[in-house]
Structures are given as C-alpha cells and as structure tokens.
Amino acid sequence: MASNIPGSERQGHPLLHVQKLSKHYVRGRGWGKSVAVTAVCDVDFEIRSGQTLALVGASGAGKSTVARCVARLERPDSGEIWLDGTDIARLNLRDLLPIRSNTQMIFQDTETSMNPRFSAAEVIEEPLRIQGASRSERRDIATAVMREVGLRAEWLKRPVLEFSGGQQQRLAIARALSTRPKMLILDEALSSLDLSTQAQIANLLLDLQSAHSMAYLLISHDLTLVARMADVLSVMSDGRIVEMGATQQVIADPKHVQTQRLLASARAAESKFDLASGASA
Amino acid sequence: MQTSGDSFLQIRGLRVTYCPSRGDDVRALNGIRLEIRRSEILGILGESGCGKSTLAHAILGLLPPHARIGAGEVFWQGRDLLRFPESELRTIRGRKISLVSQQPALSLNPVMCVGNQVGEVLRAHVPSTSRERKERVCELLREVGFEQPTTIYDAYPHQLSGGQRQRVVIAQSVACRPALLIADEPTSKVDGLLRSEIVGLLSKLRERYGTTIVVITHDPTLCATFADRVALMYAGRIVELGNSAEVFARPLHPYTRALVALVRSSTIAGPSTREHFPRIEGESPDPTAVSIGCSFEPGCAERMEVCALRCPEDVAPEPTRSVNCFKYGE
Amino acid sequence: MSYLGRRVIRAAFLLVGVSILCFLFTEMAPGSFFDEMRLNPQISPETISSLRARYGLDQPLVVRYGRWLRSALHADFGYSIAYNAPVAPLLWSRAKNTLLLATTGMLLTWLISIPLGVWAAARSGRMLDKSVRVASSLLVSIPEVVIAVALLAIVVRWRVLPVGGMTSMDNEGLSQWARLQEIASRMLLPTIILTLGETAIIVRHLRASVLEVLDTPFVQAARGLGIGRTRLLFRHVLPVAASPAISLLGFSLAGLLSGSLLVEVICGWPGLGPLILDATLSRDFYLVIGGIMLSALFMVGGNLVADIMLLACDPRIRTGALDAR
C-alpha cells in the first residue's frame, strides 16, 4: 500500500504499526454486573515517518479511542502497537516513560489540555521536565520551539490564559515539539479554531512536518483539511476501519457507503456555499 | 431568502470592556449597532476574539462581574434590557430569550440525569406537575431527534456522545418556546452529518414556531446556507451587514472578501496533498491595544491613508446592506 | 467485583492489621494490670501468677493473639480484669451512649453547615461570608479542650444545665418523657461542644467546594436558562459540590466517635471515652484491645457510609466512568 501513496519517496520506514487493536469500555453499576461496550475492534494500519494518516468518521466511531490507545493514554484490550520496533501495547507505565517522548498528542480543546495559569514556558517545558532535562536545556529548547511555531520568545513568561485560542493551540504544538517526537497525534486539533486561524495552523503543521520528518496521525471530521494534509485516508465506522487508501483516490472513488456519505455531505456543504452566494464578483 | 418581520430587538451603540484585576483592559465591543428582525435567522460571523460571544452575553445580562458596559442600549419590547434588574432578567432567560452556549459537554450538570436537566428549565418558568414535566421533556427530546426519549431521560451527560449532548442542550433552550434563540457556535465541534441535523432542527423551529434565531459562528458556510442575513464582526465592530446571499456573492468589506476567498479555496477535490492553505494576512488584532484608525487596517489589502487616522462609520451603499469602511464613503 | 464489594474486603484487611498493631503496642507499653497488686505485700506472688494464668496473660503474644482472633470471630472479645466481666457487653453498653452523642452531633453539624456553607459561598465577600469565615477560623484554632472547659465553667457557674452523667440519681420514679428530657438536657453541653468543633471544619470545606462549582460552565448555563437562585444553589450546585465534602463525612463520623473521648471525659458523659481511658491507665489488656478495635470499626464504618453516599450521589462513580486505565 505504501508504494502507491503519492510522495512516498519522501517517506521513510514504517514508524507506527497497529495490528488488531481492540478496546472496550465497561459501563458498570456500583452493585452488580457490568456491561462491556465495544469502542474499537480489530483496527489495523501503518504510518511511515514523514507520512500523514487521517482517521475520519462520524462522532462515536472510535477515532479518539484509537488515538488515545496509540498515545497510551489508555490501555488497549488486545492487539499490538509497534512504535519504532517496540510493542507498546502491553508495556507498564514505567517502561513506557522513555518511549513517551517519541509520540506527542495535541488535543482539540486548549482550555482543558493546558493549565491556564501556567506560563507558556512552564507549559512547554513540562514534558522536558518529565524526561529529566536540565534547566538551561529546557530554556533553550523552549525558546527555539516558540519561534518555530511563530510566537515571540518574549511571551514565554505570559500565562496561557492571556493567549488567544489560535495562539494557545500553537503553544500546544510547541509543547509537543519540545521532545522532538517522531510522531504527532492530532485529535481534532484544529476543530475549535476559526477559519483563518485553522489555515495558519495547518500551514504551520505542514511546514513542521517537512522540516522534521514527523509522522502525523490526524483525526478530524473536516474533510477539506484532510484532503490537504493526509497521504492516507482511513474511514472508521462503529469501531472498525471500513475503508483505507491514498487520500486522493478515496476521495475520487469511495467504495464504502459510510465514506460516500461523508464525502457527499461535505460536498453538499461546499456546493451550498457557492449556490447560496452565486458566482463571485 | 426572504426576511420577514418587524424589528424585534435593537442594539444601539453598545460598548463593553473587560477590566480584569490583573492585566490590561480588553475592549470587547466597540459600538455595536444591530437590529434583529422577528422570525429571521441572523448569522453573526467572526473569528475568535471578535466579541460575538460577548454580544450574546450582554443581551441577557450574563457578562462576568469584571465586564463594564460603557454605553449603549438593547431595546426589546420597548424597554432597555441592560437596565433590567436581575430578578426580571431571570424570567426572560430561558423563557423569552434563550442562549445555547458553546461546549455542550461542559454545559450540563454531571450529576443530574439529562431529562431532569431539561425539566428544570420547565420548572423554573412554567407551573406544572412533575408528571406533566416528564411528558413534556420526552416530547422535547423526541423533537430534537432522540428516538428513545425515555431511555435518554435517565442518562447522565457522560454517557452520551457529543452530538447527543448538543441536542439535549438545544432541548433545554427551546423548552419554553422562547421567541429568540441565540446559538453560540452550535456546530463548531461536530462532524458534517450531525451538523446538518442540528441545522435542520433549528430551521424546523423557525418554521413551526416562528422563533427568531441568531447563530454565532466562525463558519461562513453555515451562514451562507442557513442564515437569512449575516453580520460580520471584526475587533468588536460590525464591519458588514446584509442578506447573506448578497454578502457572500458580492462581498464589500476587504475582510469579507478575504474570508470568502479562503472559503472558496477550501474544497475537497482540487488541492493536492500537502498544498498549503491561502491565508488572511496579519495576526488577529490585539484587543488591549487602542487603535485610532480602522482595526482591520494593518492586514487590509486595500487600505488607504485615511484608514489609519480615523475610524470609519457605517455606510449603506445599497438599501439592504451596510459596510463599515472608508472605501464606500465617509 | 463491584465497587462496594472491594471496599468491604479492604476494610476487613484493615481491621485485621489494626488488631495486630494493637496487640503489639499494648504489649510494648510498660506495666501490667497486676503491678499494683505486686506492690501489696499481702498478696502472694503465687496468687498473682495464678491470676495471670487465669486470664491467659502468661502465654506468649502470638498464642494470645491467635486465641483472641478465634474468639473474636465468634464475637467474644475476652474478659475485663477490672470489671470482672466479658468485654463485649461492657463495651456495647457504653458504645450506645457514645453513638447517641456522636450521631446527634453529626446531624446537627451537617444541618447547620450545609446551608451556612452554601450561602456563605453564594454571598462571597459579603457580611455573612466574612462572619462565617472569622468564626470558623477562631473555632478551629482554639483547642477543643479550651472550648469544652470554658463552656463547662459557664454552664456550671450559671446553673444553666445539669452536668455529669446521663441521668440523675433518682430517675427510676420518673415518667418516660421526663427521663428523655433528663437525658437530653445532660446531652446538650457535650453535643454543643462537638458540633462547634466539627461545624467549623465542615463549613470551610463546603464553602470552598461550592465556590469552585459556582464558576463552572454548567452553572453559568443553568443561570442563563433562568433557573432561580435558591434552586440553583441547592439542587444544581450542592450535589456536585457535595462530593468532596462527603468524603469528609466519613472522617467526620469516625472522628466524632473516637474524638468524643475528650468531651465525654470532661462532661462526665458515660460513653466509650472514659471507659477506654481507665482501661488504658490500668492496663486492662483485653478491654483496651476491644475498645481500640471498636474505634477502628467505627472509623471503617464511617468511611464505608461515606463511600455508599458518594456512590448514591455521584452517578459517574456508579457507572464506572471515572475508572481510567
């Protein structure tokens, strides 16, 4: 599959290989039996370094669960997650620590993923602190990544709540970059931003990806974003992957009904704008 | 798209500033003049930080304690809402004017079942028995699209998906059939399929009950397809106002033009993988800075000398439209 | 294994652990019951050693523990040397009085703290809030002993209430109602002392919790929907703010039971406190162990009650939503 992805000459070895990933949640009562709810079932995919794979699907399809399992924020019930040659699915937290810096996650909501009272410096340096970097190292890296994401280094002292929504998301990206990860997981990271900010951050992410050869696992419901950013498109429905392939190909020729529905409604929205607004001046 | 109706709510010269105890004052609204017509769907379009949420909260007296209303009136049924005492505002909120806020996940009480939460709104405004309320809540839940209202009634917010929570919040806000519904970013965090459901739901409300709907959003497509009129906000001012079809077909203000260009280039087919997005130049304006001239001037592609010296006034180049820009007159 | 099941098993292990430590510490404390007797020249050493054998005190510690544990499982907690009676009924008769005092104290505490805490938070910064904060700070910083003795002095000086014991000397002839009145009047002082101390702590916590919840988006949303102020505070905010306070309830109940020792001794209330104090001072081995185990049982029980209440109040725990892996 990798060989007929456009631009695969840019991409390297397989970085992430997920096999038969499954996870269910238990919904229980205090007294009595618990009920299992399947969130993700038998998910398989692969991402190479420098490549972007997008997971799309209706809400509740299991995309976030997959992301959280790959980031090991949750423990998968079965399956394997091979990250750079190590199966991280079964590792305990202590063994996971040195590997954590290879994967970083960026969340949708900056209000809840960052402590608003922390200064920008504290937020960015936190992963470094966990990994045991020295103070001067931390400061140097923080300054460097601030510039990389387009923020001024003088703003390192400002508390997070003084930044705008788009700037906060840049901070989140800076925080993720500080450990020089090989893979970024973007869980609806651009969804709560307005259009122009989305465009800016998307461009930033594209630039960073080519600069550092990072792999991206992109979770989004926005197909226009996915069309520009992803090499591989993976459609999820009810916890399973129902279609997967090169983005342009899937868009041009969707085979599964779920994919067709998603594309149809996105196109309908697009054409509605043109329809509603007539031809441009 | 026809707009019907006489004037329902008039906002004149509204200025709101946030004065936090630490840090600089933030000018959120810089003189808003807006008229909302009965039974219309009005879109308020702008990026984050432009003051759209502040406007919604100001109308209902829900601004935080550190916000100061510098000037302005909000006329509704002949009286100024800004001068209403809290006790009277409470009878209006949820009953005559409702606000659906952002982030439905956080707008619901985590330890109360959602049916009771909808019921609480009824209880606050309509004298009724507990059984009557329960029936009405199930009706409402069915109206917003739940097929099994009795099961959903007993569910807790954390057991529902994001889209379901959004629908519960909408059910809460329409429980008492308010005349005006203000929806703050109703579709920003949902996927396309759910988005059209929510839009359909709101349209249905307007059709069936004549509810006036104000949609606050940063999504131009939503405004184009759903709203009758659209007001574009930038840095606390309304920079353009008119019928949405006209505004998007022939945008007048440079900000609107840049936005429309961005939307037209965001398509699924067309761009190749890794192609960058076109951008609107310039950072978002710093809301703590006092600008003498037009706030959009630094990033404006069509700026003139006068733009940095004075603030433009609203002009009406066509009868149904208004623009806040020197290009169309003084 | 259900949530509660796990808690109960953990509680059982806790109690066993406490019993072992109990035995160890009591044994390590210098002296024994018979020390005074030994000093008495009229009692022969043989009498003493035979007494010791009778009460099994000459056996090694491990054996004693084993036997105690076995009988404990049959609800037999040994024999008190001083009272020459089995420990269990002795403890129980006193425990009833302590429970009466403690539960009344707790009920009063919560009846006062809940409205006070909620309104203080709702009117944060104003008169009510300020006076609540000052009063609770004062009460928390003054040692309970001082408060108890001060109130005792006032009550005795001005003969406001009868003090000492639970009933008066000649209460057989009194009617049921008069007897209840008597008990109530003698219970008033110790209850007030207990309540004052506990309320001061609980009010502060509740106020802080409510203040936090008042800032959350869902309370703002409810306000935006026109929900009235009182209803908002007590029906919407309190259930959420109560969760951290309910954990306090467990401590509070447990603390009242074991902490009422001081108050009981000072006011002369015939509860567990004076009994255990005397037993400890005279090294009445099994009575001490029994008393401490009972205290531990109350503590564990108090926490279990709190757990059950949390389960009932917070649906997120009920449905396992908070079980992060």
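**Entry 1: B:Met233**

I began at B:Met233 in this predicted model and listed its contacts, leaving out residues up to four places away in sequence. The list holds B:Ile44, B:Leu45, B:Gly46, B:Cys50, B:Gly51, B:Lys52, B:Ile238 and B:Val239.

**Entry 2: nonpolar cores**

I then looked up the largest nonpolar core, which has 157 residues. B:Met233 is among the members that touch the most other members, along with B:Ala171, B:Val214, B:Val215, B:Leu232 and C:Ala241. I noted another core of 80 residues lying apart from it; A:Ala142, A:Leu156, A:Leu190 and A:Ala202 are among its members.

**Entry 3: domains of chain B**

I took the bounds from the domain assignment: domain 1 of chain B covers 7-96 + 178-328, and domain 2 covers 106-177. I find 29 Å between the C-alpha centres of the two domains. Their contact uses 12 residues of domain 1 of chain B and 13 residues of domain 2 of chain B. On the domain 1 side, α8(B) supplies the largest share, six residues. I sorted that side by class and got eight nonpolar, one polar and three charged residues.

**Entry 4: chain B against chain A**

How many residues of each chain take part in the contact between chain B and chain A? I count 44 from chain B and 44 from chain A. On the chain B side, at least two residues come from each of α7 (162-174), α8 (192-209), α9 (220-226), α10 (244-249) and α11 (254-265). I record α11(B) as the element that gives the most to this side, with five residues. By class, the chain B side divides into 18 nonpolar, 18 polar and eight charged residues.

**Entry 5: a sheet in chain A**

I turned to chain A and traced an open sheet of six strands, in the order β6-β7-β8-β3-β9-β10, with mixed pairing. Which strands are at the edges? They are β6 (103-106) and β10 (240-246) of chain A, each of which pairs on one side only. The twist from one strand to the next averages 15°.

Within this sheet I checked one pair, β3 and β9 of chain A. Strand β3 (residues 52-57) and strand β9 (residues 232-237) of chain A run parallel and are joined by five bridges. I marked A:Gly57, which stands opposite A:Met236 in β9(A).

How values were computed:
Residues are numbered from 1 along each chain as its sequence is written. Chains are lettered from A and ligands numbered from 1 in the order in which they are written. This is a predicted model: local features need pLDDT of at least 70, side-chain atom pairs count only at pLDDT 80 or more; totals for chains, interfaces and linings use all residues. A nonpolar core is a set of buried Ala, Val, Leu, Ile, Met, Phe, Trp, Tyr and Cys residues joined through C-beta atoms within 7 Å. A residue is buried if 20 or more other C-beta atoms lie within 10 Å of its own, exposed if 12 or fewer, and partly exposed in between; C-beta atoms are placed from the backbone. Two residues are in contact if their C-beta atoms, placed from the backbone, lie within 7 Å. Helices (H or I, at least four residues) and strands (E, at least two) are DSSP runs, numbered from the N terminus. Ala, Val, Leu, Ile, Met, Phe, Trp, Tyr, Cys and Pro count as nonpolar, Asp, Glu, Lys and Arg as charged, and the others, Gly among them, as polar. Domain bounds come from an automatic or database domain assignment. Two strands pair if DSSP finds at least two bridges between them. Axes are lines fitted to C-alpha atoms, for helices over the stretch in contact, and angles run from 0 to 180 degrees between N-to-C directions.
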